[in-house]
Amino acid sequence: MATPRIERLLDPAFVEGLRDLPMEEVRAKRAECIEVEVGLSMLRRMVQGRLDIVGSDLQRRAGGEPADLAALVDQLPEILGEHERPPGMGRLPTLLVPSEIDDLTAEVDALADPRRLSSLPEMDEAEVRALAEALGDLERRTSDQRRLLLDRLDALQEEIVRRYKAGEANVDSLLK
C-alpha cells in the first residue's frame with residue numbers, strides 16, 4: 001500500500017539537504033515519519049493476523065480435518081496469539097492512529113475482510129492458496145516500505161544528534 005504521503009516520505013529527496021534545514025523542519029519530518037511508520041506497523045500486524053488465519057485453514061486442509069467455521073472461530077485466540085512479542089525491552093507503543101489509516105487498511109480489507117475470512121471453509125484450496133499468496137505479497141510490500149521509512153527516520157535522527165554534538169542545537173531550544 002503506497003499512499004501519496006508514503007511515496008513522498010520514501011523518496012530519497014525527502015532526506016536530502018538535511019544540514020540546510022532548520023531544526024524545526026527536521027523534527028517535523030521525523031514526527032511525520034514516526035506517524036506513518038505506526039500506520040505501516042499496524043497494517044503489517046493486520047496482514048500477518050489474516051495470513052495466520054488463512055495459514056491455519058491450509059493446515060486444517062492438509063490434516064484432512066473437516067471444514068468448520070465454529071472451530072476456526074474457537075481457534076482464533078491461539079492462531080492470533082502465535083506471534084506475541086517476546087519479553088524484554090522494545091519500543092514504547094505509540095497510541096496515535098495515523099490520519100490515513102483507512103487508506104492503509106483498504107487493501108487488506110479488499111483482500112481478506114471478515115466476511116471473506118469467515119467463508120474460508122467454503123473456498124476451494126486453490127482460492128485459499130491464492131489468498132495466502134496475495135496476503136504474503138502485501139506483507140512483504142508493507143515490510144519493505146516500513147524498512148525504507150525506518151531508514152529515513154535513522155537519517156533524520158542522525159542529523160538531530162549531529163547538531164547536538166556539534167553544538168548547533170541545544171536542549172534549551174526544546175523548552176521554548
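**Figure 1. Order of elements along the chain.** From the N terminus on, the elements run α-α-α-α-α-α. The chain of this predicted model holds six helices and zero strands. It counts 176 residues, and 38% of them are buried. Among contacts with a separation of 6 or more, 83% join residues 24 or more positions apart. A search of the whole structure turns up 16 salt bridges.

**Figure 2. Helix H2 against helix H4.** Helix H2 spans residues 23-62, and helix H4 spans residues 101-112. Their axes come within 9 Å and cross at roughly 15°. Angles under 35 degrees count as roughly parallel, and H2 and H4 are therefore roughly parallel to each other. The crossing of H2 and H4 is right-handed. On the H2 side, the contact is made by Gly 39, Leu 40, Met 42, Leu 43, Met 46, Val 47 and Arg 50. On the H4 side, Ile 101, Leu 104, Thr 105, Val 108, Asp 109 and Ala 112 take part. By class, the residues of this contact are nine nonpolar, two polar and two charged.

**Figure 3. The Arg 50 to Asp 109 salt bridge.** Arg 50 and Asp 109 both belong to the contact between H2 and H4. They form a salt bridge, with the closest N and O atoms 2.8 Å apart. Arg 50 lies in helix H2 and Asp 109 in helix H4, so the pair ties together parts that are 59 residues apart in sequence. How accessible is Arg 50? Its relative accessibility is 14%, so Arg 50 counts as buried. Asp 109 has 31% and therefore counts as partly exposed.

**Figure 4. Leu 104 in helix H4.** Leu 104 sits in helix H4 and is one of the residues that meet H2. With a relative accessible area of 1%, Leu 104 is buried. The view also takes in Thr 3. Thr 3 and Leu 104 are 101 residues apart along the chain. Their C-alpha atoms are separated by 7.6 Å.

Figure 5. Glu 32 pairs with Arg 8 in a salt bridge, the closest N and O atoms being 2.2 Å apart. Glu 32 lies in helix H2 and Arg 8 in helix H1 (residues 4-10), so the bridge ties together parts that are 24 residues apart in sequence. Are these two residues buried or partly exposed? Glu 32 counts as buried, at 17% relative accessibility. Arg 8 is partly exposed, with a relative accessible area of 40%. The pair belongs to a network of salt bridges that links Arg 5, Arg 8, Glu 32 and Glu 35.

**Figure 6. Thr 142 in helix H6.** Helix H6 covers residues 125-166 and includes Thr 142. Which residues does Thr 142 touch, leaving out those up to four places away in sequence? They are Leu 40, Leu 43 and Arg 44.

Figure 7. The side chains of Arg 162 and Glu 159 meet in a salt bridge, at 2.8 Å from N to O. Both residues lie in helix H6. They are three residues apart, about one turn of the helix. The cut-off for buried is under 20% relative accessible area. Arg 162 has 19% and is therefore buried. Glu 159 has 6% and is buried as well.

**Figure 8. Ser 118 in helix H5.** Helix H5 runs over residues 114-118 and includes Ser 118. Ser 118 is partly exposed, with a relative accessible area of 31%. Where does Ala 70 lie relative to Ser 118? Along the chain, Ala 70 and Ser 118 are 48 residues apart.

Notes:
Residues numbered from 1 in each chain as written. Predicted model: local features only at pLDDT ≥ 70, side-chain atom pairs only at ≥ 80, totals over all residues. Heavy atoms only, no water. Helix = DSSP H or I, 4+ residues; strand = E, 2+ residues; numbered from the N terminus. Contact = heavy atoms within 4.5 Å. Axes fitted to C-alpha atoms, helices over the stretch in contact; angles between N-to-C directions. Parallel < 35°, antiparallel > 145°, perpendicular 65-115°, else oblique. Left-handed = near helix turned anticlockwise from the far one by under 90°. Nonpolar A, V, L, I, M, F, W, Y, C, P; charged D, E, K, R; others polar. Salt bridge = Lys/Arg side-chain N within 4 Å of Asp/Glu carboxyl O. Buried < 20%, exposed > 50% of the residue type's maximum accessible area, 1.4 Å probe, protein only.
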